[in-house]
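Here is a short briefing on one protein model. Look over the sequence and the structure first, then read the points below.

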Amino acid sequence: MIRLSGVSHFIGGAQILHDISLDLPKGGITALIGPNGAGKSTLLSLIARLTPLKQGEITVDTLKIGGCSDRDLARVLAIMAQSTHVSARLRVRELVGFGRYPWHRGRPGPADHALIEAALERFGLLPIADRFLDEISGGQRQRAFVAMAFAQDTDYLLLDEPLNNLDIAGARGLMRLLRDMADRDDKTILIVLHDINYAAAFADRIVALKNGRIAATGAPDQVISDTLLRDVFDTDAKISRIDGRPFVMV
């Protein structure tokens, strides 16, 4: 379980998060949704310890953020941040291999290589595994970064807007992979999404944020409503239902 208690965050004089208390149970997919500037990426970054926690408490299973080593945290939690800056002259296989570093510390063994190859295959990257990152498409790069997080082989996987640069086929394919990982591999996935319909179609739970506060939390059919669209997203879009799931009409 990921537990947040009284988490607030400031950048300069501006308060980005306001007293967030939240329990995210182990297993399944939880989607963080909300308008731009709601605090979604900041919250994810605090859980992953990419941003120092200054107020409140966060625990991931038995590990307390700020009270455990980076190595211990990296063995239970993997993160794909929104901004990914790496050398363009890195090969896809090398990038995915970085996910194993918390385990082998620079001395990869047969088990590490096997997990890297499995991640490449799982994400459809084997045909381009030896190509440089500047030789592949933006969507392929995005899949490679998610594959790197997957290769880390942690219980928790945190993804910040992984559908960026993906067309509809790529986005649907990646969300299906994540759904399969949650169901078949017992991964706990926390994902920031801008598209509410992907959250409704694939997530078990939704946490909606607005102005750094929790506006709603629960299953998609409990959270996604005309009221949520109006109060959180300031839109009068209508909701239909497809296969029992809410769908926001454009």
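This is a predicted model: local features need pLDDT of at least 70, side-chain atom pairs count only at pLDDT 80 or more; totals for chains, interfaces and linings use all residues.

Residues are numbered from 1 along each chain as its sequence is written, and side-chain values use heavy atoms, with hydrogens and water left out.

**Overall build**

- The protein has 10 helices and 12 strands. Both are DSSP runs numbered from the N terminus: helices are H or I with at least four residues, strands are E with at least two.
- The radius of gyration is 18 Å, close to the 18 Å from the globule rule for 250 residues, so the protein is as compact as a globular protein of that length. The radius is taken over C-alpha atoms, and the rule is 2.2 Å times the number of residues to the power 0.38.
- The C-alpha trace spans about 50 × 40 × 35 Å along its principal axes.
- Of the 250 residues, 48% are buried. Buried means under 20% relative accessible area, exposed over 50%, and partly exposed in between (1.4 Å probe, protein chains only).

**Cores**

- The largest nonpolar core has 56 residues. Such a core is a set of buried Ala, Val, Leu, Ile, Met, Phe, Trp, Tyr and Cys residues joined through side-chain atoms within 4.5 Å.
- Helix α6 (residues 138-151) gives the most to this core, with eight residues.
- Ile-189 is among the residues with the most contacts inside the core. Leaving out residues up to four places away in sequence, Ile-189 touches residues including Gly-28, Leu-157, Leu-178 and Met-181. Contact means heavy atoms within 4.5 Å.
- A second, separate core has 28 residues, among them Ala-38, Leu-63, Ile-65 and Val-207.

**Helix α1**

- Seven of the eight residues of helix α1 (residues 40-47) are buried, so the helix is largely enclosed by the rest of the structure.
- The buried residues include Lys-40, Thr-42 and Ser-45.

**Met-249**

- Met-249 lies in the segment after β12 (245-248).
- At 39% relative accessibility, Met-249 counts as partly exposed.
- Met-249 and Lys-238 are 11 residues apart in sequence, and their C-alpha atoms are 5.5 Å apart in space.
- Not counting residues up to four places away in sequence, Met-249 touches Ala-237, Lys-238 and Ser-240.
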